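Here is a short tour for anyone meeting this structure for the first time. Have a look at the picture below, then read on.

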Amino acid sequence: MGTTRTVEVRGSIRLGQFLKLAGLADDGALARELVQEGDVSVNGGVELRRGHHLQDGDLVEVDTPMGRESALVRVLPD
């Protein structure tokens, strides 16, 4: 397992968008597949909704063939 990186965002972001922004998925199709297969968790719970709105401090984890990767959501003030 690698280190957890912090990814800064402005405003509201959905899980599918965050997976791409954080580099946890190369594109939207892979993000959709990861979520639908149950390979993505938010704050320790499996999340099956690609449109799930993330909040500041949420921990997003993805199970990959190389191990678990993770990123922390940091929402910047507008």
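A residue is called buried when its relative accessible area is under 20%, exposed when it is over 50%, and partly exposed in between, using a 1.4 Å probe and protein chains only. The model is a predicted one, so a word on the ground rules: local features need pLDDT of at least 70, side-chain atom pairs count only at pLDDT 80 or more, and totals for chains, interfaces and linings use all residues. Residues are numbered from 1 along each chain as its sequence is written, and side-chain values use heavy atoms, with hydrogens and water left out.

**The sheet**

Helices (H or I, at least four residues) and strands (E, at least two) are DSSP runs, numbered from the N terminus. Five strands make up an open sheet with mixed pairing, in the order E1-E7-E6-E3-E4. Strand E1 (5-10) and E4 sit at the edges, each pairing on one side only. Two strands count as paired if DSSP finds at least two bridges between them. E1 and strand E7 (residues 67-76) run parallel to each other, paired over six bridges. Take Glu8, for instance: its bridge partner in E7 is Arg74.

**Helix H2**

Now for helix H2 (residues 28-36), where Ala31, Leu34 and Val35 are buried. Why do they line one face of the helix? Seen down the axis of H2, the buried residues fall within an arc of 95 degrees, so they line one face; that arc is taken from the directions from the helix axis to the C-beta atoms. These buried residues pack against helix H1 (15-21), strand E3 (40-42) and strand E6 (59-64), where contact means heavy atoms within 4.5 Å. After H2 comes Gly38, whose phi is positive, near 80 degrees.

**Salt bridges**

A salt bridge here is a side-chain nitrogen of Lys or Arg within 4 Å of a carboxyl oxygen of Asp or Glu. The structure holds four of these salt bridges, including the ones in this table.

| Salt bridge | N to O distance |
|---|---|
| Asp56 and Arg74 | 2.9 Å |
| Glu61 and Arg68 | 3.3 Å |
| Asp63 and Arg68 | 2.8 Å |

Asp56 pairs with Arg74. Asp56 lies in the loop between E5 and E6 and Arg74 in strand E7, so the pair ties together parts that are 18 residues apart in sequence. Asp56 is partly exposed at 42% relative accessible area, and Arg74 is partly exposed too, at 31%.

Glu61, Asp63 and Arg68 are linked in a network of salt bridges. Buried or partly exposed: which is Glu61? Glu61 counts as buried because its relative accessibility is 13%. Arg68, with a relative accessible area of 29%, is partly exposed, and Asp63 is partly exposed at 33%.

**His52**

Last stop: His52, in the loop between strand E4 (45-46) and strand E5 (53-54). His52 has a relative accessible area of 19%, so it is buried. Its side chain makes a polar contact with the side chain of Arg49 at 3.0 Å. A polar contact is a pair of N or O atoms within 3.5 Å; within protein, one must be able to donate a hydrogen and the other to accept it, and residues adjacent in sequence count only if both atoms are side-chain atoms. Leaving aside residues up to four places away in sequence, His52 touches Ile13, Arg14, Leu15, Val42 and Glu47.
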